[in-house]
Number of protein chains: 4
Amino acid sequence: MVGGGEGAFIGAVHRSAAALDGDYTLVCGAFASDAIRSRQAGIALDLEPERSYSSYEAMFAAEAAMPAEERMEVVAIVTPNHLHSPVARAALQHGFHVLSDKPATLSLAECLTLRDVVAASGRLYGLTHPYSAYPLVVEAAERVRAGELGTIRKVIVEYTQGWLAEPIERSGQKQAAWRSDPKKAGASGCMGDIGVHAFQLAELVSGLTTTQLCADLNRVVPGRALDDDGTVLLRFANGATGTLIASQICTGDENDFRLRVYGDSASLEWNQQAPNTLLLKPAHSPMQQLRTGGPALSAPAQAHTRLPSGHPEGYLEAFANLYRTFAAQVRAHSEGATAAHTVPGIDAALRGMAFIETVVAAGKSEQKWHPFPEVGT
Amino acid sequence: MVGGGEGAFIGAVHRSAAALDGDYTLVCGAFASDAIRSRQAGIALDLEPERSYSSYEAMFAAEAAMPAEERMEVVAIVTPNHLHSPVARAALQHGFHVLSDKPATLSLAECLTLRDVVAASGRLYGLTHPYSAYPLVVEAAERVRAGELGTIRKVIVEYTQGWLAEPIERSGQKQAAWRSDPKKAGASGCMGDIGVHAFQLAELVSGLTTTQLCADLNRVVPGRALDDDGTVLLRFANGATGTLIASQICTGDENDFRLRVYGDSASLEWNQQAPNTLLLKPAHSPMQQLRTGGPALSAPAQAHTRLPSGHPEGYLEAFANLYRTFAAQVRAHSEGATAAHTVPGIDAALRGMAFIETVVAAGKSEQKWHPFPEVGT
Amino acid sequence: MVGGGEGAFIGAVHRSAAALDGDYTLVCGAFASDAIRSRQAGIALDLEPERSYSSYEAMFAAEAAMPAEERMEVVAIVTPNHLHSPVARAALQHGFHVLSDKPATLSLAECLTLRDVVAASGRLYGLTHPYSAYPLVVEAAERVRAGELGTIRKVIVEYTQGWLAEPIERSGQKQAAWRSDPKKAGASGCMGDIGVHAFQLAELVSGLTTTQLCADLNRVVPGRALDDDGTVLLRFANGATGTLIASQICTGDENDFRLRVYGDSASLEWNQQAPNTLLLKPAHSPMQQLRTGGPALSAPAQAHTRLPSGHPEGYLEAFANLYRTFAAQVRAHSEGATAAHTVPGIDAALRGMAFIETVVAAGKSEQKWHPFPEVGT
Amino acid sequence: MVGGGEGAFIGAVHRSAAALDGDYTLVCGAFASDAIRSRQAGIALDLEPERSYSSYEAMFAAEAAMPAEERMEVVAIVTPNHLHSPVARAALQHGFHVLSDKPATLSLAECLTLRDVVAASGRLYGLTHPYSAYPLVVEAAERVRAGELGTIRKVIVEYTQGWLAEPIERSGQKQAAWRSDPKKAGASGCMGDIGVHAFQLAELVSGLTTTQLCADLNRVVPGRALDDDGTVLLRFANGATGTLIASQICTGDENDFRLRVYGDSASLEWNQQAPNTLLLKPAHSPMQQLRTGGPALSAPAQAHTRLPSGHPEGYLEAFANLYRTFAAQVRAHSEGATAAHTVPGIDAALRGMAFIETVVAAGKSEQKWHPFPEVGT
């Protein structure tokens, strides 16, 4: 693991998620740029002291030099955004599989480079979009794929949070600080942080490809260098349209991440705040409540479910699904095979970076519609 | 009453709403353009046969000639859109107060003319935006007005329906037929029909004034002449932004009319499908569920409530609130006074027409932002 | 109308409900036992002064003496409980149809007498159990009747309120005062006031007949003479069991009236706080949300619906359904016919009184199970 | 771990829960009574082959003989019910701490014996009532303890499931088979399986002690030897009353476990199907939605929360809270200290067994009220 020292929320999430199914053992880490703090983090995690490194470069070099059966196999990257890409490149080049937090890179150009590194390395690359691994998101995508919704006509996706409604980045909140710093977060704040999750989910579930967009990005809290709010109009290749709302200044909202996909035969609605229910709205018969672990679910959704119905599953379980799926990919890869189900990979990374760059450019423009780069499809 | 013969949904709604509080008695009507059908409708409603007229012109002439204590006092206009304006003008000019379905007219120019007729007539003019008369919408507006939300930063308003997801206007559904006919509906389908309700509610509750907008209007069902779907980005005078989604092709949705208003101190959320709950989300304390008839409501909200808490109120009660409020206006007017609370009037009509025209123009344009006319504020 | 003067909540509900469909015109009333207050109430309701009476006896005598086409046809009884029965008897004996608030009488014996008066009079008798007239309660009963649930095994019905959690009857709240006075309310407080609604709904929807019960009744607020809380265990003729919870001391609850009926093929759940949704839970397929005005509803449910789906209907509309149905009964009766659908009548009254008496006796007994009288089935 | 071989749902839950926080490492197990199957389970879990035992007796003997720093420290018991007690006794007598699935024993007498074994062993004993470890259940108990509800007057607790609505125990469903076999499940089916969870939660959160009960237990599915449904009336020491509904034949229900606690100042409502919301209903101000990770929560609730608000937590996280808390207890114990917060222990076990025995006896009796044994308080 790279990153994830004390005080880092997402590092602990990765470790719990990886632990859930017994597919991973944490063997080493570069948890902090400070050697002592990295060592302390490693001790707290029961690592052998010499395998807590003070830099990712040192870790990759040392681990790569170890015998195959002892050395680390997969690197989890949980640093602030600006390090995702250099760490991933180095890891791949040293022969490690990579599971990286999003965004993959700080720019689309950098992501195209990363794609080449992935291809050259022969290693696996995965991107942690956890929302796509909820059982009922998997089900939603399956239903669309199976044609149950007919032709998709409209997508509405919203991700509203309130935790940045005040300038907490100025009073020492670490999570807020790097997210609002262009050097660490990249070209976008809110869109890069959560808009890209919404975008990924919208394309994943609808099966549609964005071709054009119009964007309104705002810096609501005075003094911010990056957007903390925005709305994006989407046009898809099949003629359908979409609306994407992402905001971090929605006072009182938690993680109100909601997706609606409208087809001409039926529609679907899913809400991350109540992730164990998926609403299916057929054109001419009553709405159905599909439930995690409940009847009538597809095999892939069942494979993403750990408990019988009525035992609520949450964010950690979704995150753990990514780790479990990636473990299956690594096992398949080591046997020269290909896994049937995969986590979002370098193509998702490319589309994410294309989204961020296009949205930022469109947000500054008086022109209404902007073409969306043809990458990652 | 003008319009509202057999098969007309909204005419019956008006009559029930007017009956609810005992403030009105239906005395005459021009229910249909066909004399026999108008007469039959009148008989079914227990009217004296000679007071069912075959045209609104005939009705206004005959009623105006009657003694003051016998003649009609208020005209309710429930015709298809294209007749709203000529009927209203004639009624006002004959000295009757008018309560009209929206839109007030088919164009902004026509609405400016209507404004002058209202002013010249000395009569009252009301527009039936029923959603604005739900008790908790009144409460929401009061809370904003009282400063409880702080500065408003963002508004999201959605009104999604599924009933036009198929071209039912081609198989004889009357409601759908006139709504999709530019001659009867005006320049816009979906935006003129329901988008304008969303717009009115957004401005009413937030207290903000729209200054610019960007629009994406779509004709999703092939063969339609008017928009049946769209998204509008709004900019308000205070720098806040808004997103307005209106669609009639959202398969399986009923009247999913939801409003969220985000301030820097607190936020509000209301959903017409569960109209007796208003969610108040303060920045630093738990969400509150305000309930129709429940504790902590303002006097205006209480005045819009008929039943103790726990007895659900619905659309008819909201509609009846408009009628009751307009009756109070008429009573005050007859005494030379002014009512404290009023239904949406000619100014709301002007802003509605400005919304429709601007949205239609912006929807066709490659330019992103379009100024919003300064009318009705 | 008898009762329903100033300050009486339920009288206004009856008048609004009766007005909703245009089937009734209020022509006379004995609104209060004080002649002047009754007259004032009548004036406020636009009645002719001489038709506001100071007693129901005077009203029945005077109206019965009027020509048939002028006199009152139906009496609505909205007095405190102790007057329901004498007023109803007198009205029936004078030849008027009766629509009475529940409970029909203060005792089962008195109700058996009333049954005989109804039979002898040849007039119609209706009891206002409004919850049974919600569209989706009608639907629920239809689904059970059609066998969709299979054999009914279990019923859970709850009606919890919080408005009597404090002794407000001692500080002049009129509604609370008569309800907690044994002379005016009868043998039971909470069970007679709301438990009997729960009982009626449970039997109506499940189609089952109670044969035995076990009861725990409590007087929670110190100083009360009548129960304000209780739980009843039910045994039905087919071997199914039930649990009925009724309480008026549930701090913070409004009218949380919820019914669940469990069959071996499917189950149903309905909640008065969200009355436009009915949950259907089949044994082996996803839950369905049936919606007022939505697809797949039976003809009787549609007949109890006024608006298209998505326009919420509430308590007043349910109440108005009783009035509309009773009007249809009266019309059928005057033509010598029988209405297909009827409001709860004298049989429902008998079962209600049997419930109250048995529950009160069982609540005081150390014996577990008590037989339920075979009346009204 | 004892039990939890292939096909055992709860064993996997225990392992995932234990893994979540990194406080436990699985070092040995007696997963099945068949030596080969136990060994295979151990291999799948990456255990050293010689530490997969064919019986718990063999495991305890072998592990107790190992050096302190290598041997097992805590035993998790996840067998069918009839083995819980003998395994626990043996483990304690060999010096191991025990975390056992409920019920602790098959009878109250056996549980009193177990209490003595616990006391004599000086080891810790914990019982896995996972629902009591949801963050908002902890919060609910804290709010009651702090007096925010005032005097508790009424408790309603329901746990309804539908998975045993059909006799699936006869078609080889293992989970159903042992639960409906009196030899393996004990004196009660439904009450012993889920009723006891409801009872534990009701006493835990309300802080009340049951003194009397009246029970109606049913065997709804023909052919069952044990109850699969029931309702229990409770009387508490402070004069409050309660209703407990537990059923496994509620077609279409999942794990509808809902608790309502009514005080004279405020009330609380929690539902396991949406475990991240707790409804607080004050007597005279609007309802509040308390949220996992949200504002205004107590320190103990925060300590039971892993993620920021808006990241839904579920059943596994609650279960993991038990493991984490028990790990803290073990650490404190090894240092001669006492943990501030503990999992349910032998006292909860005693009350659980007292509940089951009393309920079964009361269910068979024609006497209404039955005294509740004074144990475990």
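Colleague: What separates the centres of domain 1 of chain A and domain 2 of chain A?

Modeller: In this predicted model, 26 Å lie between the two centres, taken over C-alpha atoms. Domain 1 covers 2-131. Domain 2 covers 134-308 + 346-364.

Colleague: How do you know which residues of the two domains are in contact?

Modeller: Two residues are in contact if their C-beta atoms lie within 7 Å. The contact takes 20 residues from domain 1 of chain A and 25 residues from domain 2 of chain A.

Colleague: Which elements of domain 1 of chain A give two or more residues to that side?

Modeller: They are helix 4 (81-93), helix 5 (108-121) and strand 4 (125-128) of chain A. Helix 5 gives the largest share, five residues. By class, this side of domain 1 has twelve nonpolar, six polar and two charged residues.

Colleague: Now the chains. How many residues of chain A are in contact with chain D?

Modeller: 23 residues of chain A touch 23 residues of chain D. Helix 1 (9-19) and helix 11 (315-334) of chain A each give two or more residues to this side. Its classes are eleven nonpolar, eight polar and four charged residues.

Colleague: What makes the relation of chain A and chain D that of a two-fold axis?

Modeller: A rotation of 180 degrees superposes chain A on chain D, with 0.0 Å of shift along the axis and an RMSD of 0.1 Å. That is therefore a two-fold axis.

Colleague: Why do you say that the copies meet through the same surface?

Modeller: Because 100% of the interface residues of chain A are also interface residues in chain D.

Notes: Residues are numbered from 1 along each chain as its sequence is written. Chains are lettered from A and ligands numbered from 1 in the order in which they are written. This is a predicted model: local features need pLDDT of at least 70, side-chain atom pairs count only at pLDDT 80 or more; totals for chains, interfaces and linings use all residues. Helices (H or I, at least four residues) and strands (E, at least two) are DSSP runs, numbered from the N terminus. Ala, Val, Leu, Ile, Met, Phe, Trp, Tyr, Cys and Pro count as nonpolar, Asp, Glu, Lys and Arg as charged, and the others, Gly among them, as polar. Copies are superposed by least squares on the C-alpha atoms of residues with pLDDT of at least 70 in both. Domain bounds come from an automatic or database domain assignment.
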